[in-house]
Amino acid sequence: MKNKSYNLKIEKQMKKIIFSILILMTIIISSCINLESELYDIISFDMFPKTEADAQALVTGQVYAPFRGGEWGVGLFNVGASGLFVCTDMTTDQGDCQWNDVVWPDLITVNFRSTSPGNGETQFYSYLRDISKMTITIENINSSSIPDAAKKRLIAETRCARGWLAYILYDLYGGIPIATPDQLKDPSVDVALPRTTGKDMVTYIEGELMAAIESKELKDNYQKGDNEYGRFTNGLAYTVLMKLYMHEKEWAKAETIGRELMSTKYGYELMDSYQSIFTLENEKNKEVIWAAVADGKTISSMWQAHVLSSGYPTKNPNIQKWGGYRVPWAFYNKFDTNDKRLNVLVGEYTDENTGEIINQENPGTTLFKGAMPVKYGEDPNSPGYESQLDWIVYRYADIVTLLSEAIVRKNNAVTQEAVDLLNMVHTRAGITAYKLADFSNPQAFLDELLLERGKEFWFEGVRRTDLIRHGKYIEFAKAKGSATAAPHMVLMPIPQWAVDEAAKSGFDIQNPGY
Amino acid sequence: MISGNYFIQNGVIKNNNLDRVTSRINIDQKLSEKVKTGINFTISRNTFDNVPLGSGQNENAPILVGAVQFNPLLPIKNENGEYQLNPEAMYMPNPVSLLEIANVSIKERLLANVYLEAKPIKNLLLRANFGVDRNYQKMKTYLPKTTLPGRMQGGKADIGQSDQSDYLLDLTATYTKEVEDHTFTTMVGHSFQQFNWENLSAGNSQFLTDVYLFNNIGAGVYPKPWVGSSANKNEIASFFGRINYSFKDRYLITATMRLDGASNFNKDHRWGYFPSISAGWRFIDEEFAQSLTKVLSNGKLRIGYGVTGKSNIGNAAISFYREGNSSLFGNEVESKGVYMAQLGNPKIKWEQNKELNIGLDLGFLNNRINLVAEYFNKVVDGWLSQRSLQSYMIVSQVADNIGSTQSRGFELTINSQSINRRDFSWSTDFTYSFYKDTWKDRGPYWKPSTYSIYNAPLRGSYGYLSDGLVQASDMDANGKSTITWMPGVIPGQVKIKDIDGFERNEDGTAKVGSDGRFIKTGKPDGKLDDADKVFYGSNDPQFIFGLNNTLRYKNWDLNIYFYGQFNKLNFGSYQDLWLTGANGMTGVINIYRGYNMPTSITDVWTHDNSNATRPGFFQDKSTYGIGDFYLKKIWFVRAQNITLGYTLPENIFFSNTRLYIDINNPFILTNYKGLDPETDSSVWAYPNVRTVSLGIDINF
């Protein structure tokens, strides 16, 4: 018995000793063991940007990136279901789609909802993050030690981008929350920001674009062959500014900018024929104000794959033909049969497999929704859906016709100059020129101008804004059969996830009516 | 000991084969009375031939999707000997052509452990173990020009390989002491693990000929062949101690303490303490139980509580840029971009899994019937996951310890040796388990939807309630919908219920409650939105059981194993979803392309079959979806295995010879109408196989 308790005592002591050793060891060793994690293929925040090339790469990756026109989801100007131009044109009398994916019906039938399962109307709200990335980029460049000249130039480009993106979001959703650099630094602060109201939003966009222009750091325009072709220009900044003023019905300001852009120092000219604007041979032509540049490898545009149908003849047999987007027959039929633009808005073709003639009367399975908006030329090297053709974002014909509109609206009278400007695109299509006498009143002119712009810019992303400006967006939606179109739909709904997020901070940021 | 194993299996689908070689070597060597060493090696090599599988659509249609959708009236090859394409879907490859794709993946693994054990003094065991775990994987693909995607790209070759080297060092000291009825075991140790990973990939296209496959990628003339590589390293270190104490094997106590450090956390949060304690009581050995031993032959109560840690969130504490987002400037020269890829959260720390276990082991009638009952309650505190950031933040999410979850369940196992006679025996194993995983604390960053439930199951589904099909009687004289909350719907589409709405302020904005969520009125508001969505239920099965019976009569033996799952949510089988759309395929509307349809198409609503039970041809035009139209709770009971054997009487050549027939997956009972309620991962699932094997076991 005695022996036993003695042994137990030893055990107890042992336990104590072992525990103390254990605790001591852990304290000593854990403090001196240096555990290492490495990601070898990243750049850590504190190392960047150090050089001018670094800062330039940062601007490419965070400032230019949203404006690309690549494959699925790459950039605002991709031509898939997340493409800005495609999605907004689908809501108008110019767009329809033969596919059945969930993104299309709510856009086509103007049934906008914050919970639309295809997110067609709500998806662009996420570009809010890109505005903040630009804000942080300006901070990073400013605090880096690169040469001042480079700082100025890169910041001018960034501010141009920020103004442009803010305009695009403003046009879609109305005022948006704009964060200050300090609000972006601490992810543990989780508070929603109120939306910037209309007037402040305009001031913000104007301020950004003007800052870029007034810095004198941007070139007026680049021509094909220029080393910096594809970078933002004064021409681009002015174009966006003009669109903002048109949106705000500031006709005089819009007119001033329109005239500025007609100045020879920009070198913009209309191409002789409509279809030559969009071919590979004429890529980067003088009509282009800014294009999302593609090479078919690093960045591929995919237009033909989206619109051509099986059986539509192409020289390059590899071109993918999904046969999606269409211009509804109702709009197609508004064209004069001699209109040369119909060369690339195809209402009839011979099926290369069957020899059958496919057209409005015999639409088969490829033209049942409307005409095929071929528009762009072929890429002879395309291995499928990829195309090396630049996707034109803004072109001079847009400026010319907007200027015509601004002049008439400002004066509330049709002038010869306005008619001449409209004729620049009208006669290029091979149709008899308008005469001043053709228009009995300004409204008649504006109606004709709206139609002319429609015929000129199908699937170029101007139709929704045009119709809203002319007060016809909802009317036209109803005319094409929308049972849901309502006046509040001139603004798109804020996505429900962002609305729920703001509710957590106590307020509703949704646009009225939704 | 040295062993080797070679195994070949051909898939039910062609070109879907597996070939495996494994080899194992174990060597133990006594260096002296007190020192022992040993080495064990496992080497395996798996080679897979892969055929494209999955649920991709259109140009990405893999073999099963293609086989389902391809127009059966078309020949496999046309008069030129090329694979026929469907003129109504020229982008979809001919499914037979996909068999020409060469796709080989190789997985090699080397597991090596060396240990050294020493007993310097009595009762003390020192052990050092060093291990290497190397995983090497390689995937090689060639799309030949005879396939549609291969033709367009002039043949396309890809090679990717990844290399993982994990090192483990384990040092332990164990001291055991027995004093009469008391047994003590004390162990302390340290372990260190390093994980290294790297990969390399390359590819090219536009080949002159298909003959090289992926074995000459330099021969392609694509202007920008692709290459890629990446690498990372992580480390984990631990210090641990354990004390076991038992008295007469009747009372058992184990206490452990771990200190774990993970390199992916910031220095201040790197280390976590994880204690655990468990106790066992063999009450059958107590005196009061002795009177019961005729009936009760085993009785033990177990209880344990422990905390373990998890750090598997990646390198989420650091902020970094990645290269990408290239643009083209000048003469279309690529300009590499750099963008913020991750916003780090330096505050993240170990996730703590706190688990309570209570178990009861009972044996009856000399252990002819055994029962094990187990209850567990696991709380995960500081769950490591991603949380969403505000819509204006530069990235959409950040890692965090976002809240707690709770997992509770019960498991029961019963073994019974019901009959055990010389000529006849029958034994049964039954298992039953039931668990529930729910949210316990959503944390401060939770941004709920209107329909979210605070304590909801971790894996749950939400959506609209359906209300049959829209009929012609729902339309007014102008053909407009009279279902006010669904303007624009047409007959044959699924009708969705409007059950609730939001309270509005005078300016039309929705009212927000003090909990940061919109207030609902409880009344239909003529609109379909989040207010009308409801919780459908947990996606997990409610309970699972297994039942194994073994019977033996003289030389015959029979084994049948059943298992089943009950009350699992299912959103429709191929019979349903090929018609309404799934995985990007938009349903019955595609019949004009010649796609095959399930026989259930006869139930599709049409104007002259308005009593039909299934949504019509234009369901895809309704973006309100089908709600819970096909939602149901499914169950199944599967006979997993039936084996019938006959043992030959002993003879002079063989001591024991058994012939048997084994049927794997012979039948299933279920209320699910698709291919298989358990293995259908989508409506384009790989079929579950039934195997019949005949065998003979010979012992000399």
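User: Which domains does the assignment give chain A?
Analyst: This is a predicted model. For chain A, the assignment lists domain 1, covering 52-269 + 493-504, and domain 2, covering 394-477.

User: How many residues of domain 1 are in contact with domain 2 in chain A?
Analyst: In chain A, 25 residues of domain 1 are in contact with 21 residues of domain 2. The centres of these two domains, taken over C-alpha atoms, are separated by 25 Å.

User: Which elements give two or more residues to the domain 1 side?
Analyst: On the side of domain 1 of chain A that touches domain 2 of chain A, they are helix H3 (84-90), helix H8 (234-247) and helix H9 (251-262) of chain A. H9(A) provides the largest share of that side, seven residues. By class, the side of domain 1 of chain A has 12 nonpolar, seven polar and six charged residues.

User: Now the two chains. How many residues of chain A are in contact with chain B?
Analyst: The contact involves 90 residues of chain A and 91 residues of chain B.

User: What gives the largest share of the chain A side?
Analyst: H1(A) does, with nine residues of the side that touches chain B. Elements supplying at least two residues each to that side include helix H1 (2-32), strand E1 (38-39), helix H5 (128-143) and helix H17 (496-504) of chain A. The side of chain A that touches chain B has 38 nonpolar, 30 polar and 22 charged residues by class.

User: Which strand of chain B pairs with E1(A)?
Analyst: Strand E8 (residues 226-247) of chain B pairs with E1(A), antiparallel, over two bridges. Within that pairing, Leu39(A) has Asn232(B) as its bridge partner.

User: What is the strand order in the open sheet with E2(A)?
Analyst: The order is E2(A)-E12(B)-E13(B), three strands with antiparallel pairing. Strand E2 (43-44) of chain A and strand E13 (333-342) of chain B are the edge strands, each pairing on one side only. Helix H2 (residues 52-64) of chain A packs on this sheet and touches E12 and E13 of chain B.

User: Where is Glu180(B)?
Analyst: Glu180(B) is in the loop between strand E6 (156-179) and strand E7 (182-205) of chain B. Glu180(B) has a positive phi of about 50° and is not a glycine. With 10 other C-beta atoms within 10 Å, Glu180(B) is exposed. As background, most residues other than glycine have a negative phi.

User: Which peptide bond is cis, with omega near -5°?
Analyst: The bond from Phe48(A) to Pro49(A). Pro49(A) is in the loop between E2 and H2 of chain A.

User: Last one: what is the order of the open sheet of four strands in chain A?
Analyst: The order is E3-E5-E9-E6, with antiparallel pairing. Strand E3 (96-97) and strand E6 (345-346) of chain A each have a single partner strand, so one side of each is left without a neighbour in the sheet. E6(A) pairs with strand E9 (residues 370-373) of chain A over two bridges, and Val346(A) has Met372(A) as its bridge partner.

Note on methods:
Residues are numbered from 1 along each chain as its sequence is written. Chains are lettered from A and ligands numbered from 1 in the order in which they are written. This is a predicted model: local features need pLDDT of at least 70, side-chain atom pairs count only at pLDDT 80 or more; totals for chains, interfaces and linings use all residues. Two strands pair if DSSP finds at least two bridges between them. Two residues are in contact if their C-beta atoms, placed from the backbone, lie within 7 Å. Axes are lines fitted to C-alpha atoms, for helices over the stretch in contact, and angles run from 0 to 180 degrees between N-to-C directions. Domain bounds come from an automatic or database domain assignment. Ala, Val, Leu, Ile, Met, Phe, Trp, Tyr, Cys and Pro count as nonpolar, Asp, Glu, Lys and Arg as charged, and the others, Gly among them, as polar. A residue is buried if 20 or more other C-beta atoms lie within 10 Å of its own, exposed if 12 or fewer, and partly exposed in between; C-beta atoms are placed from the backbone.
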